Amino acid sequence: MQRDIRPDWLLRLAEDLGGVDAGQGQPRNTNLRRGVSTGYYAIFHCIAIETARSALPNADEVETFGLARHVSHQSIKQVAGYVVGDQPPKHLNAVIDRLRANNDLTSVATTFRDLQEQREEADYNHLADFTRPGTLALVARSRRAMALVDRGRNTDDFQAFFGIIALRTSTR
């Protein structure tokens with residue numbers, strides 16, 4: 001039986017890997033790295049699923065998760081970048097200016113970008129050093145961003161954010 005990816009379950013796993021209830025001492029560096037990576041994947045899947053739900057509002061779960069599979073990390077990163085200050089294509093200036101004025105959306109976009117950078121450090125930089133407090137702080141940021149997505153998912157600004165991500169997504 002297939003089961004969907006649950007962003008909230010990823011967060012719980014990230015907290016476990018980060019040593020949230022582990023007592024004294026530092027968890028293994030490998031666990032901290034996986035905790036950072038898993039915290040990123042929680043917000044990634046949260047945004048990807050909401051993008052699919054927004055693009056296909058009457059779809060069943062199979063259709064929604066099928067489309068969510070095509071939402072790329074790069075698509076979200078690029079649109080999040082526009083929201084946090086990167087130059088968008090000229091035809092998107094008006095909508096991006098509106099999205100930049102939404103503090104919750106700006107927080108989600110900033111968190112996504114920061115966590116993606118940290119995930120790359122965790123997954124590819126052999127010399128990167130992670131700590132329990134640092135890992136748990138990143139996971140907490142992911143949790144807060146997911147709560148903002150949940151709270152704002154039906155607002156015009158979040159719908160526009162998801163729409164632009166959907167337009168950047170290829171279904172090849």
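Trainee: In which helix is the place of Leu-11?
Mentor: This is a predicted model, and residue numbers along the chain settle the matter. The helix that holds Leu-11 covers residues 7-18. Its label is α1.

Trainee: Is Leu-11 buried or exposed?
Mentor: The relative accessible area of Leu-11 is 1%. Buried means under 20%, so the class of Leu-11 is buried.

Trainee: Which residues is Leu-11 in contact with, leaving aside its neighbours within four places in sequence?
Mentor: One of the partners of Leu-11 is Ala-42. Ile-49 is 38 residues from Leu-11 along the chain, and their C-alpha atoms are 15 Å apart. With near neighbours in sequence left aside, the contacts of Leu-11 are Ala-42, Val-139, Ser-142, Arg-143 and Met-146.

Trainee: At what angle do α6 and α7 pack?
Mentor: Helix α6 takes in residues 103-124, and helix α7 takes in residues 132-152. Their axes lie 9 Å apart, and the crossing is left-handed. The packing angle is about 145 degrees.

Trainee: Which residues of α7 meet α6, and how many residues of the contact are charged?
Mentor: From α6 come Asp-104, Ser-107, Val-108, Thr-110, Thr-111, Asp-114, Leu-115 and Gln-118. On the α7 side they meet Leu-138, Arg-141, Ser-142, Ala-145, Leu-148, Val-149 and Arg-151. By class, the contact has six nonpolar and five polar residues, and the charged ones number four.

Trainee: Is Gln-116 buried or exposed?
Mentor: Gln-116 lies in helix α6. Its relative accessible area is 5%, and therefore Gln-116 is buried.

Trainee: Which residues is Gln-116 in contact with, leaving aside its neighbours within four places in sequence?
Mentor: Contact means heavy atoms within 4.5 Å. With neighbours within four places left aside, the partners of Gln-116 are Tyr-40, His-73 and Lys-77.

Trainee: Is Tyr-124 buried or exposed?
Mentor: Tyr-124 also has its place in α6. Thr-155 is 31 residues from Tyr-124 along the chain, with 37 Å between the C-alpha atoms. The relative accessibility of Tyr-124 is 58%, so Tyr-124 counts as exposed.

Trainee: How far apart are the axes of α6 and α8?
Mentor: Helices α6 and α8 pack at about 35 degrees. Their crossing is right-handed. The separation of the axes is 9 Å.

Trainee: Which residues of α8 meet α6, and how many residues of the contact are polar?
Mentor: Asp-104, Leu-105 and Val-108 in α6 meet Asp-157, Phe-158 and Phe-161 in α8. The contact of α6 with α8 holds four nonpolar and two charged residues.

Trainee: Is α4 oblique or roughly parallel to α8?
Mentor: Helix α4, residues 73-84, packs with α8 at about 135 degrees, the axes being 9 Å apart. That angle makes α4 oblique to α8.

Trainee: What is the handedness of the crossing in which α4 passes α8, and how many residues of the contact are nonpolar?
Mentor: The crossing of α4 past α8 is right-handed. In α4, Ser-75, Ile-76, Gln-78, Val-79, Ala-80, Tyr-82 and Val-83 meet Phe-161, Ile-164, Ile-165 and Arg-168 in α8. Two residues of this contact are polar and one is charged, while the nonpolar ones number eight.

Trainee: Where does Leu-92 lie, and which residues is it in contact with, leaving aside its neighbours within four places in sequence?
Mentor: Leu-92 lies in the loop between α4 and α5 (93-100). With a relative accessible area of 16%, Leu-92 is buried. Leaving aside neighbours within four places, the contacts of Leu-92 are Tyr-82 and Ile-164.

Trainee: What separates the C-alpha atoms of Leu-92 and Val-149?
Mentor: Along the chain, Leu-92 and Val-149 are 57 residues apart. Between their C-alpha atoms the separation is 21 Å.

Trainee: Which backbone oxygen does the side chain of Thr-169 reach?
Mentor: Thr-169 lies in the segment after α8 (156-168). Its relative accessibility is 13%, so Thr-169 counts as buried. At 2.8 Å, its side chain reaches the backbone oxygen of Ile-165.

Trainee: Which residues is Thr-169 in contact with, leaving aside its neighbours within four places in sequence?
Mentor: One of the partners of Thr-169 is Ser-75, and Ser-75 in α4 is also among the residues that meet α8. With neighbours within four places left aside, the contacts of Thr-169 are His-70, Val-71, Ser-72 and Ser-75.

Definitions and conventions. Residues are numbered from 1 along each chain as its sequence is written. This is a predicted model: local features need pLDDT of at least 70, side-chain atom pairs count only at pLDDT 80 or more; totals for chains, interfaces and linings use all residues. Side-chain values use heavy atoms; hydrogens and water are left out. Axes are lines fitted to C-alpha atoms, for helices over the stretch in contact, and angles run from 0 to 180 degrees between N-to-C directions. Helices (H or I, at least four residues) and strands (E, at least two) are DSSP runs, numbered from the N terminus. A crossing is left-handed if the near helix is turned anticlockwise from the far one by less than a right angle, and right-handed if clockwise. Ala, Val, Leu, Ile, Met, Phe, Trp, Tyr, Cys and Pro count as nonpolar, Asp, Glu, Lys and Arg as charged, and the others, Gly among them, as polar. Buried means under 20% relative accessible area, exposed over 50%, partly exposed in between (1.4 Å probe, protein chains only). A polar contact is a pair of N or O atoms within 3.5 Å; within protein, one must be able to donate a hydrogen and the other to accept it, and residues adjacent in sequence count only if both atoms are side-chain atoms. Angles under 35 degrees count as roughly parallel, over 145 as roughly antiparallel, 65 to 115 as roughly perpendicular and the rest as oblique.
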